[in-house]
Amino acid sequence: MAVSPYTRRSVMTILFDYLALSLLSTAASAGYMFSDAGISSRSDLFGKILRDEAVARLNELGKVSDADGYLERTFMSPASVRAGNLIRGWMEDAGLRTWVDQMGNVHGRVEGMNANAAALLIGSHLDTVVDAGIFDGSLGIISALSALKVLKINGTLGKLRRPIEVIAFCDEEGVRFQSTFLGSAAVAGILPVTALQISDKSGVTVQDVLKENSIEISEENLLQLKYDPGSVWGYVEVHIEQGPVLEQLGFPLGVVRGIAGQTRLKVTVRGSQGHAGTVPMSMRQDPMAAAAELIVLLERLCKHPKDFLSFDGHCNDISTESLSNSLVCTVGEISTWPSASNVIPGQVTFTVDLRAMDDMGRESVIYELSNQMYQICERRSVSCVVDRKHDANAVICDSELRSQLKAAAYSALKKMAGEIQDEIPALMSGAGHDAMAMSHLTKVGMLFVRCRGGISHSPAEHVLDDDVWAAGLAVLAFLETHL
Ligand code: GLV
Ligand code: MN
Ligand code: MN
């Protein structure tokens with residue numbers, strides 16, 4: 001069987017083809033599989049650990065859910081705790097010493113030959129969105145543990161030049177508290193102590209949830225979770241791409257150049273609650289109709305930022321250009337009170353998730369959006385409050401780590417396919433990752449793994465078994481540079 005026919009196309013060209021990609025995904029799968037005649041054998045012990053066992057673990061973890069019939073694990077939920085225990089067992093199986101910290105992050109560490117050397121941290125998250133796929137987060141944890149297990153079996157785990165620590169972070173999706181990165185931000189030392197008092201929809205705080213799980217956290221010991229930057233060499237994260245670029249390029253792995261900045265807003269619109277049959281249309285202060293107008297405004301602004309931002313001077317040419325290429329905005333959650341078909345609502349609340357590569361540009365959009373939202377609310381005689389719930393600036397991955405991960409990916413693919421003709425692709429991430437929080441502590445690098453049709457945050461999320469194998473081999477190759 002021939003080696004995959006890698007197509008030579010620039011990432012930018014591919015991005016512009018985004019819309020065509022879902023149609024092409026079936027055709028692209030023609031170049032999807034690796035040669036059985038590859039140098040690394042999937043049937044030897046290490047091949048089985050990196051591929052079959054890793055895939056089996058992804059499936060097993062994917063069944064650990066709080067919901068019947070779909071995957072959901074939010075911060076410290078019963079399923080998250082069960083998932084953490086499962087991962088902890090796999091960490092021990094890989095020869096790591098394990099513990100759970102006071103935010104619920106699960107750690108596994110091997111000291112290697114020099115316990116005092118700066119440690120390489122490898123991580124991703126164990127929480128999921130609602131109705132999630134099984135690879136988002138889990139793939140990064142499991143591929144790291146598979147690679148370490150191989151080092152344990154081949155007797156080199158103790159010969160590592162520096163400590164290696166795998167961290168399964170407790171909260172990257174932010175579904176329960178809308179804050180994201182509760183775990184990695186604590187380790188990086190950027191989680192404000194006020195985060196302990198954020199409450200979920202039922203009024204339970206982060207601190208309460210931890211206490212329910214027998215974890216007593218105070219403001220003081222939250223601060224102690226921060227790692228000393230001098231004790232850390234760098235942070236690496238493997239993650240599914242969650243987009244279509246690698247599939248279209250015909251590459252199982254890619255190196256991440258940077259991660260888009262993001263903001264989450266909560267918009268609350270209050271009007272006059274009333275009877276759906278008796279209040280004349282001209283006399284209503286309807287927050288639902290206002291919210292609809294606000295959401296359409298958001299969509300227009302994010303589709304055509306140039307039309308909104310270029311005239312009034314708070315956005316320069318570079319950021320408007322970069323915004324046009326990368327700005328994405330989403331209203332993913334909306335709720336209304338009292339939510340009955342014969343009642344004009346008294347209140348409507350919705351979330352806004354806004355991302356861009358350019359931080360200044362993102363700020364300009366939020367400024368403009370808020371201004372125009374308040375004007376709409378005033379015109380409609382409803383009140384509006386725009387709350388900022390979360391901000392993370394864009395991150396550029398470390399250039400040295402990028403080259404090392406590129407070399408590791410190259411070596412993995414070469415082992416599998418025999419020969420690689422083209423450069424490992426480098427791409428930007430529109431999705432948020434724990435690496436964003438960890439960049440406040442240390443240099444970060446990320447490796448992306450191809451997924452089917454670019455689909456993620458969906459049960460349709462899929463990674464080929466061979467690509468799971470490629471990810472494990474790449475982590476192994478990267479770890480071997482620390483022997
Ligand atoms: C996490 O998956 C995010 O980008 O929201
Ligand atoms: Mn996710
Ligand atoms: Mn993720």
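## Where α5 meets α16

In this predicted model, Leu139, Ser143, Ala144, Ser146, Ala147, Val150 and Leu151 of helix α5 touch Val468, Ala471, Gly472, Val475, Leu476 and Leu479 of helix α16. Two residues are in contact here if their C-beta atoms, placed from the backbone, lie within 7 Å. By class, that contact has ten nonpolar, three polar and no charged residues. For the classes, Ala, Val, Leu, Ile, Met, Phe, Trp, Tyr, Cys and Pro are nonpolar, Asp, Glu, Lys and Arg are charged, and the others, Gly among them, are polar.

How are the two helices set against each other? Helix α5 (residues 138-153) and helix α16 (residues 465-480) pack at about 55 degrees, and their axes are 8 Å apart. Axes are lines fitted to C-alpha atoms, for helices over the stretch in contact, and angles run from 0 to 180 degrees between N-to-C directions. The pair is therefore oblique: under 35 degrees would be roughly parallel, over 145 roughly antiparallel, 65 to 115 roughly perpendicular, and the rest is oblique.

## Where α3 meets α16

Helix α3 also packs on α16, at an angle of about 120 degrees with the axes 8 Å apart. That makes α3 oblique to α16, and the crossing is right-handed. On the α3 side you'll find Gly47, Leu50, Arg51, Ala54, Val55 and Leu58, and they meet Asp465, Val468, Trp469, Gly472 and Leu473 of α16. Sorted by class, the contact has seven nonpolar, two polar and two charged residues.

## A closer look at α3

Helix α3 (residues 45-61) isn't straight: α3 bends by about 30 degrees at Glu53. A bend is the angle between axes fitted to the seven residues ending at a residue and the seven starting there.

Buried residues of α3 include Phe46, Ile49, Glu53 and Leu61. A residue is buried if 20 or more other C-beta atoms, placed from the backbone, lie within 10 Å of its own, exposed if 12 or fewer, and partly exposed in between. What do the buried residues of α3 pack against? Their partners are α4 (78-93), α5 and α16.

Gln242 lies in the loop between β5 (232-240) and α9 (245-249), and counts as buried because 21 C-beta neighbours lie inside 10 Å.

His457, in the loop between β16 (444-449) and α16, is another non-glycine residue with positive phi, near 55 degrees. With 17 C-beta neighbours inside 10 Å, His457 is partly exposed.

There's also a cis peptide bond, with omega about 5 degrees, between Trp337 and Pro338. Pro338 sits in the loop between β10 (334-337) and β11 (343-344).

## The whole chain

The chain has 16 helices and 16 strands; helices (H or I, at least four residues) and strands (E, at least two) are DSSP runs, numbered from the N terminus. Of its 483 residues, 49% count as buried. Among contacts with a separation of 6 or more, 79% are between residues 24 or more positions apart.

## How to read the numbers

Residues are numbered from 1 along each chain as its sequence is written, while chains are lettered from A and ligands numbered from 1 in the order in which they are written. Because this is a predicted model, local features need pLDDT of at least 70 and side-chain atom pairs count only at pLDDT 80 or more, while totals for chains, interfaces and linings use all residues.

Note on methods:
A crossing is left-handed if the near helix is turned anticlockwise from the far one by less than a right angle, and right-handed if clockwise.
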